[in-house]
Amino acid sequence: MGVVKNPRWERFAHEIASGKHATNGGAYLAAGFQIRPDLAKQNAQKLLRRPEVNARIDELRDLATHMERRAADVAGERLGEDWAVKKEWVTDQLKQIVERAMHGEKFDGNVACRALELLGREIGMFVDRSESRNVNYNISDQPMSPEEWIKKYSPDATPLAKAKADNEQLKKEIEETREQLDATPKTRVLQ
């Protein structure tokens with residue numbers, strides 16, 4: 001596919017593909033978009049729906065994977081076959097670390113937990129997750145009764161709405177008292 005025509009979209013694709021941001025909104029802001037942080041996540045989601053941006057992200061991720069594999073191959077060639085680091089060797093070493101940390105002279109829980117975490121990540125047991133909320137609006141051919149609508153959408157459902165209702169009630173009482181006072185005959189004192 002190649003580079004996306006919009007330079008900010010291209011930068012956004014690089015930020016997402018790098019994986020260094022906890023949220024898509026963080027990648028959106030890092031790409032140079034000037035927007036309030038609370039809206040960045042929404043705009044990032046819109047941008048991720050664009051097929052050209054998604055294709056570019058996939059392309060960048062594939063390129064990074066290829067580069068990592070190639071770097072490992074080159075390192076293996078330079079060091080020779082005896083020194084090449086293999087996954088099996090790393091996992092064997094982590095297993096030994098777990099055994100020593102848990103059953104050695106002194107129990108070291110931190111070391112054991114970290115080694116187990118790395119082993120779990122290697123086999124795909126743990127997945128980095130980010131929270132995302134999807135809002136689904138249900139459309140129904142069944143109309144709501146007025147009571148259901150009031151129960152669901154009434155402003156009286158919140159504490160702030162209750163305080164406003166109490167305030168309105170006080171205003172009505174004050175107005176009624178004023179009307180009563182205005183209705184009473186006024187006497188004028190002459191001096």
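**Salt bridges in the predicted model**

Arg114 is partly exposed, at 45% relative accessibility (buried means under 20% relative accessible area, exposed over 50%, and partly exposed in between, with a 1.4 Å probe and protein chains only). The structure is a predicted model, in which local features need pLDDT of at least 70 and side-chain atom pairs count only at pLDDT 80 or more, while totals for chains, interfaces and linings use all residues. Residues are numbered from 1 along each chain as its sequence is written, and side-chain values use heavy atoms, with hydrogens and water left out.

Side chains of opposite charge can pair when their charged atoms come close. Seven salt bridges are present in the structure, a salt bridge being a side-chain nitrogen of Lys or Arg within 4 Å of a carboxyl oxygen of Asp or Glu. One of them links Arg114 to Glu117, at 3.3 Å from N to O. Both residues belong to helix α6 (residues 109–122), where they are three residues apart, about one turn of the helix. Helices (H or I, at least four residues) and strands (E, at least two) are DSSP runs, numbered from the N terminus. Glu117 is partly exposed, with a relative accessible area of 27%.

Salt bridges with shared partners join Glu10, Arg56 and Glu59 into one network. Within helix α4 (residues 51–79), Arg56 and Glu59 are three residues apart, about one turn of the helix, and their side chains form a salt bridge of 3.2 Å, N to O. Arg56 is buried, at a relative accessible area of 8%, whereas Glu59 is partly exposed, at 28%.

A further salt bridge pairs Arg36 with Asp38, with the closest N and O atoms 3.0 Å apart.
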